[in-house]
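I opened the model to look up a few things. My notes follow in the order I made them.

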Amino acid sequence: MGVADFRTMRDSDLLYVDKTELIDRILSKKGIQSFLFTRPRRFGKSLNLSMLDAYFNMKYKGQAEAWFSGLGISRLRPDDPLMNSYPVVRMSLMGLVTDSTDKFCITLGTRMAKVYWEFDYLKESEAINEDQRAYFNAISGNTNDPALLSASILNLCMLLERHHNRKVVLLIDEYDNPVNNSYDRLEVQKEILGIVRGLLENGIKDNDSIAFTVVTGVMQIAKEGIFSGLNNVYVDNVFSTGFEDMFGFTAEEVQNICTESENPDAFDTAREWYDGYRFGNADIYNPWSVLEYVSRGFTAGDYWTGTGGDAIIKDIVRNTDSPMYGEILEMIDGGTIQSPLDPRITFSDAPASTRTSAYSVMVMSGYLNATPDDILKGVYNLTFPNLEVRMMFSRIIVDGMESEQNERAIELVRAFLSLDPQRMEAAIREVLLDLDFLTLSTEVAYRVLIFSIFYCRCGSHTARTECEAGDGRFDLLLSRNSGPVGDILVEFKKTDAEDDAALAAAARRGLDQAVRKDYAHRLKDPTVFGAAFHGKKVAVVRLGRRPSRR
């Protein structure tokens, strides 16, 4: 885990999922000088750039044959004359400080100095003049001058071409990271965007010294114009076909990983937790979480969503309006909603909380899966891709509660564990009073709300919703992990009638459905409830007892 260097993986004989066909596909795109690949974080972008560096970089001549032996590219391009035939400039814009423009320039200067140090031999090259040597020394000496930095990629490529008499392969990782990380400081972001634009426009658009460029990021920053002036840019995002299986794992690859790790039966759990992405025409698994799952002894958990980078997603959820909040609840429950999308979006577009921009950011950054519904209108079917992401959004909802609300959520958990219908009604009612009435427009909203609270606030029981049991699908199950209280099964009903008798009758119908369909057949020491809702009113009935009303 955490090894994003291809050479290290091959030298150390680590498990490598073969994505070397990416090389052949890039080289097969005749006439394309610049490639932009956008994918969610930790989906293999950096490792793929490292692999491209190992293949094309002339400084590895004589070593790369062993690294690529037995991999797909060795069969596709045997004895390839392009292997290790270029000077390669590789850099990343990940992790630069974006608190202020000055700090950004300082860290960018340090980053560029390290890139220049890789080519320190240019200081002694007879192919460059004194002015060029002075510029090289200025950048390698760690300048923070934006004007000098903006031409640093361009000039380095030019000097390398002059020295080697060979054009350069340029690899830039996470180009949009500084822009995305400064989304909540708009003035700083604007200045950082100008610096990044100058760096890339000079380094790519006006650079006659490059053979081709590969750039990766999460977002396609099109509206700000970073790539608008470039000719023949090949943009490949989560909707594109052609490279869709080159980032992330396919089902076959995950099966092979489980088999290689001597646990083929672990595949079903991996599919439930980490599948669900649709890139182009390929079904894709989250690679980071799959590898964490395997390395932790096949223990499932929310690994990718716990690695950071979700601050903007939390802002979207907590600042959204009631209709969109209701849609998020529906997707947590496994439902599908529809929305137009714009792939040319940035994190800075999301705080406005317009539905299209918010969902577009969530799709491009890997928190939603999108499949076309009406291509002409740009409308997509949106779902949470898997259980891991659903759990994350449940946690965002509950963690966003105020302290008083959190105390009421804890009391709700205690009430359920008491198995007392009256206490359950009172606790649910207190939680519902904190919510916008429009949020409670569907049965799903009640179910997901209670599910989310239990998922985040109860260690003795594991919450599950809408799963097969008996002769149907139950609404909510709280499975015992520890403690004296057995499994708790709840069937929900929403009713248009608000009087006590009608509400109690609806709760009884839910209970009767659970009994009739034998949902509790294989449960451990189960207690079965029916719960009915109208707005913020609730009735709960327990099997074997008369209904209580509130």
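I began with Ser-209. Ser-209 counts as buried because its relative accessibility is 5%; buried means under 20% relative accessible area, exposed over 50%, partly exposed in between (1.4 Å probe, protein chains only). I found Ser-209 in the loop between helix H11 (186-205) and strand E4 (210-217). Helices (H or I, at least four residues) and strands (E, at least two) are DSSP runs, numbered from the N terminus.

The model is predicted: local features need pLDDT of at least 70, side-chain atom pairs count only at pLDDT 80 or more, and totals for chains, interfaces and linings use all residues. Residues are numbered from 1 along each chain as its sequence is written, and side-chain values use heavy atoms, with hydrogens and water left out.

Next I listed contacts (heavy atoms within 4.5 Å). Leaving aside neighbours within four places in sequence, Ser-209 touches Cys-157, Met-158, Glu-161, Lys-167 and Val-168.

Cys-157 is buried because its relative accessibility is 0%. Cys-258 is buried too, because its value is 1%. I then looked for disulfides, meaning pairs of cysteine sulfur atoms within 2.5 Å. The structure holds 0.

Last, I checked the lining of the second largest pocket. On a 1 Å grid over the protein atoms alone, a pocket is an open set of points where a 1.4 Å probe fits, with protein on both sides within 12 Å along at least five of seven lines; lining residues have an atom within 4 Å of a point. I counted 22 lining residues, and Asp-53, Lys-59, Arg-90, Met-91 and Glu-118 lie nearest the pocket's centre. Helix H3 (45-56), strand E2 (88-92) and helix H6 (101-117) each give two or more residues to this lining. E2 gives the most, with 5.
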